[in-house]
Amino acid sequence: MFDQLEILSMARGLATHSATRQNVVAQNLAQADTAGYKARDIAAFGDTYRASGRMALRSTRAGHLAGSAPPPELRPFVERGVDSDPNGNSVSIETQMVKSAEVQIRHELALSVYNTTLGILRATLGRR
């Protein structure tokens with residue numbers, strides 16, 4: 001029943017997106033001194049949510065979905081238009097730290113939505 005609530009589905013998607021993006025940012029920071037490494041990122045959550053078809057038909061069982069690969073929207077891509085160091089590395093530590101802070105805010109938003117929704121459900125059921 002609760003997995004069909006759109007708000008919880010959206011919060012789960014935001015949390016998944018945040019975790020994936022944090023992983024990409026961490027990889028970028030780990031490769032900050034690697035010659036020729038190009039910084040990567042993933043598409044914005046709004047774009048991935050619209051492309052995921054959450055508003056379209058829904059599957060009712062896990063068996064309806066084939067494969068376990070992440071959707072194309074959550075696959076990292078090389079950032080374009082970023083200046084590179086002389087060694088070809090395009091990772092800016094400052095930019096990656098800002099992205100990391102953005103990811104943390106988004107993840108906290110997802111958790112807040114979960115907690116608020118659960119509070120509303122408990123109040124509806126007469127539990128506190």
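**Working chat: helices and buried residues**

Q: Where is N28 found?
A: N28 is found in helix α1. Helices here are DSSP runs of H or I with at least four residues, strands are runs of E with at least two, and both are numbered from the N terminus.

Q: What kind of model is this, and how are residues numbered?
A: This is a predicted model, where local features need pLDDT of at least 70, side-chain atom pairs count only at pLDDT 80 or more, and totals for chains, interfaces and linings use all residues. Residues are numbered from 1 along each chain as its sequence is written, and side-chain values use heavy atoms, with hydrogens and water left out.

Q: Back to N28. Buried or exposed?
A: N28 is buried, because its relative accessible area is 0%. Buried means under 20% relative accessible area, exposed means over 50%, and partly exposed lies in between, with a 1.4 Å probe and protein chains only.

Q: What does N28 contact?
A: Leaving aside neighbours within four places in sequence, N28 contacts Y37, K38, A39, R40, V91 and Q96. Contact means heavy atoms within 4.5 Å.

Q: Which side chain does N28 join in a polar contact?
A: The side chain of Q96, at 3.1 Å. A polar contact is a pair of N or O atoms within 3.5 Å; within protein, one must be able to donate a hydrogen and the other to accept it, and residues adjacent in sequence count only if both atoms are side-chain atoms.

Q: Which residues of α3 are buried?
A: Q96 is one of them, along with K99, S100, V103, A110 and T117.

Q: What do they pack against?
A: The buried residues of α3 pack against α1 and β1 (40–41).

Q: Why does S100 count as buried?
A: Because its relative accessibility is 17%. S100 sits in α3, which covers residues 93–125. Beyond four places in sequence, S100 is in contact with Q22 and V25.

Q: How many residues does α3 have, and what is its reach?
A: α3 has 33 residues and reaches 48 Å from first C-alpha to last, close to the 48 Å expected at 1.5 Å a residue. The expected span is 1.5 Å times one less than the number of residues.

Q: What follows α3?
A: G126, with a positive phi near 85°.

Q: New topic. Which residues form the largest nonpolar core?
A: That core has five residues: L14, A15, F45, Y49 and A110. Helices α1 (6–30) and α2 (45–51) each give two or more residues to this core. A nonpolar core is a set of buried Ala, Val, Leu, Ile, Met, Phe, Trp, Tyr and Cys residues joined through side-chain atoms within 4.5 Å.

Q: What does A110 contact?
A: A11, L14 and A15, leaving aside neighbours within four places in sequence.

Q: And V24, buried or exposed?
A: V24 is in helix α1. V24 is buried, with a relative accessible area of 4%. Residues up to four places away aside, V24 touches R40, D41, I42 and P76. The C-alpha atoms of V24 and P76 are separated by 7.0 Å, though these residues are 52 apart along the chain.

Q: Where is confidence lowest, and where highest?
A: Strand β2 (residues 77–78) is lowest, at a mean of 74, and α3 is highest, at 92. The chain averages a pLDDT of 81, and 77% of the residues score at least 70. pLDDT is the predictor's confidence in each residue, from 0 to 100.
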